[in-house]
Amino acid sequence: MSHKKHVILFKRFERFWHWSQAGLIILLMLSGFRIHGLYDLGMDFHTALRIHTVAAWSLVVLWVFAIFWHFTTGEWKQYIPTFDKLFLIARHYAFGIFRGEDHPYHQTAARKHNPLQRLAYLGVKLMINPIIWISGIWLIFFADWGAWPIWQQWGISLQVVAWAHTVGAYMMLIFFIVHVYLTTTGHTPMAHIMAMIRGYEDEPAHHHPRAKAAHKATENA
Amino acid sequence: MPLFHRFAPAARLGRWLRLAAVCAAVALAPSAWASPASAPLSAQAEVDIHSPYRVVPKMPTGSKATADHSKFKELQGPFKSGPEVTAACLSCHTEAAKQIKGTIHWKWEEVEQDSKRIVGKNKVMNNFCVSTPSNQQFCTGCHVGYGDAKSGEFVAFSKRPDTDVDCLVCHDQTGKYKKAPYQSGNPATTRIEMPPGSGKFIEPIDLSVIAQHVGDPKRANCGTCHFAGGGGDGVKHGDLDSSLINPPKSLDVHMASDGLNFQCQTCHATGGHEVSGSHYKLDAKHEGGQYVRGSQHNMGSAASCQSCHGDTPHKGSLAQDLNMHTRNIACQTCHIPEFARGGVPTKMEWDYSKAGQRGPDGKPLVIKDEHGHPTYLGIKGSFKLGENVAPDYTWFNGAVKWMNIGENAVPNKDGVIAINQYGGSATDGKSRIWPVKTMKGTQPYDPDMHRLLAIHNAGFDDAAYWHTMDWQKSIAAGMKEAGLQWSGKYTFVKTTTTWPITHMVAPKDKALSCAQCHTNQGRLEKIDGIYIPGRGKDHQPWIEMIGLGVAGLSLAGVLVHGGIRSFMWLRRRDKPGSKKH
């Protein structure tokens with residue numbers, strides 16, 4: 001393996017952050033929709049509430065670290081939106097991918113998200129997360145805050161906050177479905193997922209003839 | 001003042017810091033939440049100085065009284081009547097009669113909280129025995145007084161002398177004191193044939209023995225009347241019946257004889273015979289800390305749970321989640337999951353329109369269920385009984401509006417007249433969600449004058465319904481006694497009365513669980529004005545439809561996309577000489 005040239009796309013903290021966030025969000029969705037009453041699954045209401053609250057606080061702590069990391073490492077720049085090649089990428093997912101064409105975007109450590117990803121993740125960070133975060137903290141402390149006259153003056157009831165939280169939850173669910181599917185669209189279905197685990201991606205062999213040759217050499221040896 | 005109280009900055013900051021600390025600890029230490037959610041709260045010793053509850057001193061067991069009433073020469077008797085005993089009592093307890101005569105126990109009158117009208121047993125309609133006027137000879141079997149025992153004559157309570165106060169009904173310790181029916185509250189001191197001519201007799205009781213054995217009221221004393229309301233054991237309230245005389249812990253965690261052994265007056269504290277807590281003056285949402293016994297503000301109706309437990313009574317791992325409920329929910333709602341749990345059924349429905357049937361022997365028909373409880377009586381109509389009944393729930397601010405006898409009464413769209421109505425709403429800031437028993441009645445109604453009719457049921461005269469079963473005569477007599485006009489016509493109308501449930505507090509492990517309300521069609525399904533997580537009717541339908549719709553479409557979309565990808569890949573693979581991916 002050492003002879004391979006691996007570009008680390010996802011640093012160790014980033015991978016830790018991604019997978020713990022993924023786990024927490026799955027827990028939050030499972031427990032949250034249980035609390036919401038969409039299903040029961042034999043999960044006690046209070047257990048669900050417990051899991052939801054603890055997972056939520058854990059996620060908040062994780063987010064605090066992640067935001068700090070993004071700003072100190074400059075990684076936040078990965079989310080600056082661009083429309084460059086956006087049409088080509090959309091076209092790829094709509095047609096090219098079926099014909100086995102190569103992805104028109106080449107990842108590097110400095111530009112690891114394609115423009116479509118950038119927009120999607122920015123949407124998560126600037127819209128879905130704040131909706132969930134603000135309404136969620138509000139819900140946790142509603143027993144205290146709900147008594148403050150200002151909320152009543154603004155007509156903000158527990159119901160409105162809960163509805164906002166639900167909107168955020170559905171948006172997250174939709175993001176989750178599409179996100180998980182798109183992880184399978186690498187040059188092999190597991191390529192992106194392995195990249196998120198190992199930090200680097202095996203380039204498709206035909207992309208880089210030298211790599212291919214090296215690979216063959218290894219096989220022959 | 002309450003506003004200031006609620007937002008006291010120091011207290012708020014303190015709470016915030018505590019919350020922040022708890023949250024941090026919970027988020028960072030996985031072990032902090034590994035403890036099972038159902039872990040029992042720390043076992044509560046009977047007297048725990050660290051308890052959040054104000055410790056109520058235990059009743060001394062055995063008599064520690066400084067006086068032995070059996071040695072008083074005034075009480076040696078013999079006594080020929082109740083008033084003679086009272087005169088003896090008053091020779092020492094000089095103020096007792098005056099005190100009693102100022103209370104609802106004597107007057108049967110109370111000032112209604114909001115309307116300031118006079119209400120009380122002699123004023124309001126009900127859907128059990130319907131009305132007291134003309135029936136007092138019978139009804140006064142539950143009055144702390146004596147009166148003229150002549151049938152058909154009723155001496156207003158206000159006109160009765162001090163010696164007509166009945167000390168024994170509350171203070172008898174022998175359990176042998178008993179008021180005789182139709183004797184205007186008097187006990188039988190001679191052998192009485194009852195009903196007259198029936199050949200059945202009530203044996204006289206020895207008043208001197210009872211007078212020599214008096215003491216603080218026990219549960220059974222209060223129960224003489226309060227368990228038997230509505231005409232029999234457990235009939236009226238559902239949360240008060242003879243099973244509370246010696247209740248197990250599972251029935252009432254406070255009154256359990258093998259536990260805290262509370263007497264009624266442990267909560268309904270008295271001073272000068274003023275018993276705290278009244279059916280007509282409820283404290284539905286007490287706030288502002290504990291209402292500690294003996295403290296200055298503990299006046300009037302203080303018989304609330306908060307008196308001892310405060311507003312944030314829960315401890316342990318669930319404390320925060322549970323305590324946030326106390327703002328909107330009465331303690332009783334979760335902690336009295338069912339009423340009539342002691343084995344004594346309570347009446348849930350009473351239909352007078354079915355009354356009047358006679359059996360083959362010509363006597364009023366009697367039908368009993370397998371436990372011997374009547375479900376039909378010719379003189380009263382048909383009943384539905386309930387045991388282990390899940391209460392109804394309503395917003396309640398403590399104010400009850402009663403329909404006084406003679407008031408205009410029009411059925412609602414469901415054809416029902418609500419004889420009493422609870423004040424309260426989700427938004428008035430004074431209400432909590434309370435458990436209630438809804439008693440359904442069907443009773444005589446004047447369709448022309450739109451009023452519920454007073455009836456004369458008790459007695460042995462020609463007009464007494466229980467005697468002759470003639471509605472026309474019974475109503476005429478009842479309305480005449482009530483001083484009211486009626487059209488001469490009667491029909492039957494459905495009515496409801498609502499009774500707050502506050503006794504029979506179950507042990508905490510028997511309290512309602514979260515999911516009994518946080519679910520569809522749960523206990524609080526009919527409660528409006530509050531968001532209950534988990535309850536479908538609180539969802540915003542558009543959010544659910546669009547959210548689930550788009551999520552479903554996304555799932556379908558990616559499955560189709562993935563399907564096409566797989567299909568195309570397989571096709572490419574099978575084509576010789578093609579790229580393999």
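Student: What pattern does chain A follow along the sequence?
Tutor: Start with the terms: helices (H or I, at least four residues) and strands (E, at least two) are DSSP runs, numbered from the N terminus. Chain A reads α-α-α-α-α-α-α-α-α. That is 9 helices and 0 strands. This is a predicted model: local features need pLDDT of at least 70, side-chain atom pairs count only at pLDDT 80 or more, and totals for chains, interfaces and linings use all residues. Residues are numbered from 1 along each chain as its sequence is written, chains are lettered from A and ligands numbered from 1 in the order written, and side-chain values use heavy atoms, without hydrogens and water.

Student: How many residues does helix α1 of chain A have?
Tutor: An α-helix has 3.6 residues a turn, so residues three or four places apart point the same way. The expected span is 1.5 Å times one less than the number of residues. Helix α1(A), residues 12-36, has 25 residues. Its first and last C-alpha atoms are 35 Å apart, close to the 36 Å expected. Just after α1(A), Gly37(A) takes a positive phi of about 100 degrees.

Student: What share of chain A is buried?
Tutor: Buried means under 20% relative accessible area, exposed over 50%, partly exposed in between (1.4 Å probe, protein chains only). Of the 221 residues in chain A, 40% are buried.

Student: Which residues have the most contacts inside the largest nonpolar core?
Tutor: A nonpolar core is a set of buried Ala, Val, Leu, Ile, Met, Phe, Trp, Tyr and Cys residues joined through side-chain atoms within 4.5 Å. The largest has 47 residues. Those with the most contacts inside it are Trp350(B), Trp402(B), Ile417(B), Leu452(B), Trp471(B) and Ile475(B). The largest share of this core, 4 residues, comes from β13(B). Apart from it lies another core, of 25 residues, among them Met29(A) and Ile543(B).

Student: How many disulfides are there over all chains?
Tutor: A disulfide is a pair of cysteine sulfur atoms within 2.5 Å. The search of the whole structure finds 0.

Student: Where is Gly536(B)?
Tutor: Gly536(B) is in the loop between β15 and α17 of chain B. Gly536(B) is partly exposed, at 26% relative accessible area.
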